[in-house]
Amino acid sequence: MRFIHTSDWHLGKTLDGHSRLNEQEKFCEEFINIVNQNNIDMIIIAGDIYDTPNPNAESENLFYKTVSKISNNGQRCVLIISGNHDDPKRLEASSHLAKEQGIIILGSHLSYASSFKYKNFEIIKGKEGCLKLTINNEKIVVITLPYPSEKRLDELIINSTNYIDNQQSYSKKIGDIFRELEENFEEDTINIATSHLFVKGGESTESERPIEFGKSLVVEKKDLPNNAQYVALGHLHKSQKASERLNAYYSGSPLQYSKEERLNTKGAYIVDIKAGEKANIEQVYFNNYKPIEVFTCDGIKEAVNICIENRNRDIWSYFEIKTDKEISKNDVKNMKDILKDIIEIKSIRTSINNVDYNNSKEKTMGELFKEFYTFSSEIEPKGELMDLFMEIISEEGDI
């Protein structure tokens with residue numbers, strides 16, 4: 001049996017207030033082609049389908065259209081679990097219609113799929129946290145744990161003010177859940193697990209929303225499923241192996257969702273697997289539909305030249321300009337007239353007459369907001385909050 005593991009589509013996500021819908025449409029079209037060209041039997045999408053619990057209509061339409069095409073009217077199994085950005089109930093709202101096309105949507109740890117026979121596969125049995133199927137005459141068991149926040153588990157896990165106690169309590173609870181679910185695995189079945197969580201030691205990026213402030217909700221590697229042949233994870237946007245001992249992987253997001261991610265190659269994992277055998281794992285890569293560039297310039301003249309050199313490229317760009325004087329509005333307008341989709345122009349004041357101006361550099365609205373928010377709440381704003389702020393001020397005029 002062959003399946004593909006992807007996650008963290010974040011449909012509707014912006015880059016400092018700028019829409020990424022066009023890039024997301026290109027990714028979805030490419031993903032459909034990859035599924036078709038590689039004879040995929042099952043698709044696992046491990047959470048964060050949308051960027052917000054209340055996605056816009058364009059994002060929902062794109063999602064429904066894409067999963068409908070990859071399911072091919074029930075010829076392929078599509079398994080979707082919710083992430084920390086998704087509203088479980090809203091995600092599951094279309095599950096009755098989706099079921100007819102072989103699309104299984106699980107919003108919480110209490111969700112399950114009912115038995116059903118499709119053209120190329122069959123759901124033999126579904127119960128909370130476990131799905132038993134047959135695909136190409138092979139028996140598969142998938143244990144599922146959609147984003148397991150304390151609230152979604154609907155029980156008191158953490159009851160201490162001590163960080164270490166909180167961490168150990170949460171991770172142990174997740175481990176206990178996986179141990180119980182693993183009892184469904186059998187020797188003659190293909191055994192897979194999928195979840196959306198933060199494994200300790202994972203490499204995160206600034207575009208991810210922290211699962212919890214204080215990062216108490218982190219899972220120890222020892223508390224992952226120990227007997228799964230493959231563990232398909234979601235949450236971290238950089239593709240990576242979550243455990244050297246286990247076949248536990250983060251597929252990463254399909255797009256570079258922040259300038260910090262601009263050097264990360266994006267893709268998914270295709271897994272060939274048989275009962276009782278080691279999985280064969282291959283990474284496939286997506287196109288970079290609109291690269292993110294950061295240009296560091298010595299003066300406005302060099303910045304303008306860079307704009308001219310790149311004017312025919314479809315890119316997002318950030319400029320850091322070293323200058324001994326303030327960048328004028330005319331200079332900013334000139335740059336943006338030459339090169340579209342400039343996200344930020346930041347001036348870095350150089351020293352004049354032995355006076356160092358680096359510490360009093362001109363700050364962007366985003367930097368000022370970040371400083372104020374950090375000062376008032378003692379928490380640095382990241383991800384969705386910064387996106388929302390930049391989107392609001394961009395509507396007030398050219399910045």
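Student: Which residue is the bridge partner of Lys322 in β19?

Tutor: Ile348 in β19 partners Lys322. Strands of a sheet pair through backbone hydrogen bonds, parallel or antiparallel. Here β18 and β19 run parallel, joined by 7 bridges. Two strands pair if DSSP finds at least two bridges between them. Helices (H or I, at least four residues) and strands (E, at least two) are DSSP runs, numbered from the N terminus.

Student: What kind of model is this, and how are residues numbered?

Tutor: It is a predicted model: local features need pLDDT of at least 70, side-chain atom pairs count only at pLDDT 80 or more, and totals for chains, interfaces and linings use all residues. Numbering starts from 1 along each chain as its sequence is written, and side-chain values use heavy atoms, with hydrogens and water left out.

Student: How do I read a pair of packed helices?

Tutor: Two packed helices are described by the angle between their axes and the distance between the axes. Here α1 (residues 21–37) packs on α2 (residues 57–71) at about 10 degrees, with axes 10 Å apart.

Student: Which residues of α1 and α2 meet?

Tutor: From α1 come Leu21, Gln24, Glu25, Cys28, Glu29, Phe31, Ile32 and Val35; from α2, Glu58, Leu62, Thr66, Lys69 and Ile70. The contact residues divide into 7 nonpolar, 2 polar and 4 charged. Ala, Val, Leu, Ile, Met, Phe, Trp, Tyr, Cys and Pro count as nonpolar, Asp, Glu, Lys and Arg as charged, the others, Gly among them, as polar. Contact means heavy atoms within 4.5 Å.

Student: What span should α1 have?

Tutor: At 1.5 Å a residue, the 17 residues should span 24 Å. The rule is 1.5 Å times one less than the number of residues. The end C-alpha atoms of α1 are 24 Å apart, which agrees.

Student: Which residues of α1 are buried, and what covers them?

Tutor: Glu23, Gln24, Phe27, Cys28, Glu30, Phe31, Ile32, Ile34 and Val35 are buried. Buried means under 20% relative accessible area, exposed over 50%, partly exposed in between (1.4 Å probe, protein chains only). The cover includes β1 (2–6), β4 (42–46), α2, β16 (280–285) and β18 (316–323).

Student: Where does a positive phi turn up?

Tutor: Asn39, which follows α1, has a phi near 50 degrees. Asn73 is not a glycine, yet its phi is about 55 degrees. Asn73 sits in the loop between α2 and β5 (77–81) and is exposed at 63% relative accessible area. His235 has phi near 135 degrees. His235 lies in the loop between β12 (230–234) and β13, and counts as buried at 2%.

Student: Is Ser171 buried or exposed?

Tutor: Ser171, in helix α6 (residues 163–181), is buried, with a relative accessible area of 1%. Leaving aside neighbours within four places in sequence, Ser171 contacts Val218, Val219, Glu220 and Asp223. Lys200 is 29 residues away in sequence and 9.7 Å away in space, C-alpha to C-alpha.

Student: How many helices and strands does the protein have?

Tutor: The protein has 10 helices and 19 strands. Of its 399 residues, 52% are buried. Among contacts between residues at least 6 apart in sequence, 65% join residues at least 24 apart.

Key
Axes fitted to C-alpha atoms, helices over the stretch in contact; angles between N-to-C directions.
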